[in-house]
Amino acid sequence: MATIAVLGSGSWGTALALMADRMHHTVHLWSPFQEEVDSIRRFGEHRKLLPGVPVPPSVQLTTDESCVAQADAVILAVPSFAVAATAARIAGFLKEGTPVINVSKGLEENTFRRFTQVVGEALPTARVVALTGPSHAEEVARGVPTSIVCACEDVSAAERVQELLMNERFRIYVTDDVIGAELGGALKNVIALAAGICDGIGAGDNAKAALMTRGLAEMARLGTALGARAETFAGLSGMGDLIVTCGSMHSRNRRAGILIGSGRSPKDAVAEVGTVEGYFAAATAFKLAEHVGVDMPITEQCYRICYEEKAPSTALRDLMRRPMRHETEEVLWAK
Ligand SMILES: NC(=O)c1ccc[n+]([C@@H]2O[C@H](COP(=O)([O-])OP(=O)(O)OC[C@H]3O[C@@H](n4cnc5c(N)ncnc54)[C@H](O)[C@@H]3O)[C@@H](O)[C@H]2O)c1
């Protein structure tokens, strides 16, 4: 059995800590907030984010980041805006060669870096991998069967994580296409927000199916331009995550989108729902696509709704009025 440190005791960090605990690993679950730790301890559950799911005393709650010093693997499960700072915070404690598993989905604002790059820079001696794919915390916390992808150019690091965390309810596939896997996780949040907006304005099933399919096409278009393999977007970290996020009320991106489509301002919707990575990713992905010269019409409209007060119905009309196109673009699936 191994010792696992989970940083971030929100919904995903707590769910992964529970899963590792069920595998009889020794688990440290860290939060920067004393009141969060106190509340989980007091109620024996994360009452706000995972109500009704017991967190047993065997999960050791802490606000002391030096817990990573004893860890055989570290899971980084903080919101995207906190990834760089949290990685820097543990740099002095981490043993050389420790696998660090980033599960946060997004891209660094302004630099457009993927999070394994951000974490790798802060922790140069760690073996940094991305764990991503269709995985609602609410379901993993309850032991619902889930399949996910562990990505690293150094496949042996991803295989080590597979050995440590895979179990009969949590199946982990390995890939070396870390660019594709991370971009899939980051970009699908924008499409999920758009799917929620689509639901909120009552656009119907046809529009939603088109949005998801064309959303995947533009995700793959940007990804391949940045060096990812097209087929990765047809896998768990691409299509899989898109399906789970666009269709479920567990998705905070979709829930925020529904509020926006129903007339709420984007800022209010995000404030109400909590961590809505798609809101931030819409700005980063739109700017990155412009920078690379890749057309991402759905992401662009989502950006204009979120940051330029564009009405969702006008955005939908503008998407439908785009110039005539062939469906398949050679860059996407032909490789
Ligand atoms: N919730 C899911 O089902 C799910 C699934 C897969 C991936 N993710 C990704 O995991 C990441 C975390 O998501 P979540 O849903 O657990 O978020 P969350 O808001 O539920 O929890 C985040 C936790 O991170 C910690 N945190 C908050 N602010 C911090 C800060 N400034 N510095 C350090 N730590 C801080 C806190 O412990 C907080 O509870 C996101 O990037 C998300 O995309 C979430």
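The model is predicted, so to speak of local features pLDDT must be at least 70, while side-chain atom pairs count only at pLDDT 80 or more and totals for chains, interfaces and linings use all residues. Residues are numbered from 1 along each chain as its sequence is written, and side-chain values use heavy atoms, with hydrogens and water left out.

**Layout**
- The chain is split into domain 1 (3-176) and domain 2 (185-333), with bounds from an automatic or database domain assignment.
- Taken over C-alpha atoms, the centres of domain 1 and domain 2 are 26 Å apart.
- Domain 1 brings 24 residues to the contact and domain 2 brings 20 (contact being heavy atoms within 4.5 Å).

**Buried area**
- About 1,700 Å² is buried between domain 1 and domain 2, with 64% of it on carbon and sulfur atoms (accessible area, 1.4 Å probe, lost by two parts on being put together and summed over both).
- On the domain 1 side, Lys 105, Phe 112 and His 136 lose the most area to domain 2, together 34% of what that side buries.

**Salt bridges**
- Two salt bridges are counted between domain 1 and domain 2 (a side-chain nitrogen of Lys or Arg within 4 Å of a carboxyl oxygen of Asp or Glu).
- Arg 229 and Asp 176 pair their side chains in a salt bridge, at 2.9 Å from N to O.
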